[in-house]
Every structure is written in C-alpha cells, then in structure tokens.
Amino acid sequence: MDKVTKPSLLTQVRRAIRLRHYSLRTEEAYVAWVRRFIRFCGTRHPRELGPSDVTRFLSSLAVDRNVSASTQNQALSALLFLYRDVLQMPVGWLETLVRAKKSLHVPVVFTKDEVRRVLACAKGHGAATLVLALLYGTGMRLLEGLRLRVKDLDFERNEITVRGGKGNRDRVTMLPERLKGPLLHHLAEVRKQHEQDLAGGAGWVELPGALDVKYPNAGREWPWQWVFPATRIFQDAATGQRRRHHLHETLVQRVFKDALRAAGVPKAASCHTLRHSFATHLLEAGYDIRTVQELLGHRDVATTMVYTHVLNRGGRGVRSPADTL
C-alpha cells in the first residue's frame with residue numbers, strides 16, 4: 001500500500017483557517033507569520049519550540065523591527081492559532097504572554113471642503129471615481145465597496161447591503177441620493193459589457209462558498225456580477241471559466257493619491273480616510289453614535305467612540321482662555 005504523504009505545516013494551517021471560514025486576508029497574514037516564526041527559529045518545527053522561542057520572536061519584532069503593537073499582537077494571534085488549532089497542543093503558556101498595549105491614535109479626517117476638493121480632482125477616472133464617492137457616501141471600507149454585487153444595491157429603499165465585512169458580518173448602509181444617477185448609468189454600461197462577455201462564451205464571476213455547486217449557472221447571472229468589474233477577462237485554472245474579477249484596490253488607491261496631491265490637501269490620508277470622514281461628519285450633523293456604529297459595522301461602540309475625539313468643536317466645545325483676553 002502506498003504511504004500517505006502528510007501535508008506540509010503551512011498547508012495544514014491553510015486548511016484549519018478555511019475550515020473556520022476565516023477571511024482570505026487572515027489566511028495570508030497567519031501563514032506569513034508562521035513562516036517568519038519558523039525561519040526566525042532556524043527552520044525548526046514548532047513542536048520543538050517553546051515559550052522562550054515565542055518570546056524571543058515577539059521581542060525581536062518590537063526591538064529590532066520596531067513594529068506597532070497591533071502588528072505584534074497579530075503575530076501572537078497567529079502563533080496561538082498554530083499551536084491551539086493546527087498542532088492541537090496545550091497553549092496555556094502561550095495565552096499568558098502579555099499582549100502589547102495599543103496606543104490610541106486619532107484618525108486622519110477630512111473637512112467637508114477637503115472631501116469636495118479630493119473628489120473633484122478624482123473625476124475623469126471612470127469607475128474609480130465612483131468608488132471613492134461611494135466610500136465617503138456610505139462609510140464602506142475599500143474592499144467592501146469593490147466587492148459589491150449588483151443584487152446588493154436596492155435603489156427603491158436607498159440601501160446597500162455590505163456582505164462579508166470585517167469579521168464576516170453583513171450590514172446595511174445607505175445609498176446616497178446624489179450617487180443613484182451615476183450608479184445607474186455605470187450599471188447600464190456594466191450590463192452591456194456583461195452581455196458582450198456572455199456572447200463571447202465568458203461572463204462568469206466567482207461565487208462565495210459553494211454556491212457554484214448548488215447553483216451551477218448563477219455565476220453568469222446578472223445579479224451576481226460585480227458592480228465594479230475589472231477591465232480584463234481571465235481564465236480560472238480550476239474551472240476553465242472565463243471570468244472577470246472586481247477592480248483591483250491598487251487602482252483606486254493610485255487614483256486617490258493622485259487626487260490628494262492635485263487637491264493640495266497636506267494630510268497623510270488614504271482611501272480609509274473617506275470612511276473616517278463619513279463617520280465624523282455624521283456625528284457633527286447630530287446623529288447618535290449607535291446609528292453610526294451600525295452603519296460602520298463596528299462590533300463595539302468603543303471603536304466608534306474614537307471619532308468623538310476629532311469632532312470639529314474646538315477642543316470639545318471648550319473656548320480657550322486666550323480668546324477671552
């Protein structure tokens with residue numbers, strides 16, 4: 001009888017993560033940390049390592065690499081997952097390791113005028129321009145916006161359903177009135193492109209989970225298509241289907257950076273700054289923090305509370321004594 005080959009450690013890590021339906025980003029991060037840990041310890045198997053090796057690795061990240069507290073904690077979480085869920089070893093010693101204390105950083109936020117200037121300078125870049133407007137108008141994260149499907153837009157109820165957000169949680173946010181017209185025009189163009197793809201034997205799209213098994217033809221149906229499809233078709237190696245992916249995030253990030261420079265806004269901002277600005281401007285408008293929490297998809301209201309530190313109220317509404325002289 002042929003000897004069964006045991007899968008590699010990293011393959012076991014990937015399987016354990018997929019079994020628990022963690023996100024692809026989590027899988028990539030955990031696998032990368034396990035690989036770095038093994039290399040740091042001279043390519044020895046983790047079963048041969050102990051608390052002192054993990055402590056040395058985490059200390060090296062902080063002292064030699066000067067990583068942030070959140071990065072150090074992510075590495076610890078990856079190693080905890082490795083020992084507890086993959087190697088199924090006792091992890092009491094690992095759970096007692098002290099996690100790095102995170103610093104409270106006030107997020108970068110645009111004023112409304114800065115948002116107008118940045119979005120105005122982003123015009124002329126097709127779908128990327130609409131994506132940026134949607135991020136500010138809805139508070140979505142960049143990948144949440146890029147992964148929208150046609151069926152997630154409800155123009156009658158002015159709602160957008162964000163599926164599989166951070167923590168694999170769904171939520172509902174608003175569809176801005178002023179973006180309905182541009183979105184409908186954009187979708188009309190996307191539908192023409194999709195019909196041309198179908199006529200050419202393509203038109204497939206990746207489906208979540210095992211829906212392609214349950215509904216074999218759903219991958220070519222209009223409701224499942226990406227709202228922001230890529231410009232190129234590729235052939236999926238596993239299925240042989242000719243598909244379109246959604247727009248790549250780097251394209252939108254590049255348009256944003258160019259618009260930020262053109263607008264002359266001197267802030268270290270990213271696409272995520274539009275989400276921060278959305279939340280802050282809602283609080284400035286008087287909406288309660290629980291509503292903002294729901295729209296952002298935060299699990300804990302304490303996460304949303306950070307935006308109260310950047311409200312444009314001149315030191316939390318306190319008037320400086322210098323202004324009374």
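Predicted model: local features only at pLDDT ≥ 70, side-chain atom pairs only at ≥ 80, totals over all residues.
A polar contact is a pair of N or O atoms within 3.5 Å, one able to donate a hydrogen and the other to accept it.

**First stop: T173.** Select T173, which lies in strand β3 (residues 171-174). Its side chain reaches the backbone oxygen of T138 at 3.0 Å. T173 has a relative accessibility of 2%, and it therefore counts as buried, the cut-off being under 20%. Next, display the residues in contact with T173, leaving aside its neighbours within four places in sequence: these are T138, N158, E159, I160, V162 and L295.

**Second stop: the second largest pocket.** Select α7 (127-138), one of the elements that give two or more residues to the lining of the second largest pocket. The others are α6 (112-121), α9 (177-199) and α12 (272-284). The largest share of the lining, six residues, comes from α7. The pocket has a volume of about 810 Å³. To centre the view, select L119, A133, Y136, R178 and L179, which are the closest to the pocket centre among the 25 lining residues. Colouring the lining by class shows 15 nonpolar, six polar and four charged residues.

Select residues 69-86, which form α4. Is this helix largely enclosed or largely open? Of its 18 residues, 13 are buried, so the rest of the structure largely encloses α4. Finally, select Q88, which follows α4 and has a positive phi, near 50 degrees.

Conventions: Residues numbered from 1 in each chain as written. Heavy atoms only, no water. 1 Å grid on protein atoms, 1.4 Å probe; cavity = no way out; pocket = protein on both sides within 12 Å on 5 of 7 lines; lining within 4 Å. Points joined across faces, edges and corners; volume = space filled by probe spheres on them. Helix = DSSP H or I, 4+ residues; strand = E, 2+ residues; numbered from the N terminus. Nonpolar A, V, L, I, M, F, W, Y, C, P; charged D, E, K, R; others polar. Expected span 1.5 Å × (residues − 1). Buried < 20%, exposed > 50% of the residue type's maximum accessible area, 1.4 Å probe, protein only. Contact = heavy atoms within 4.5 Å.
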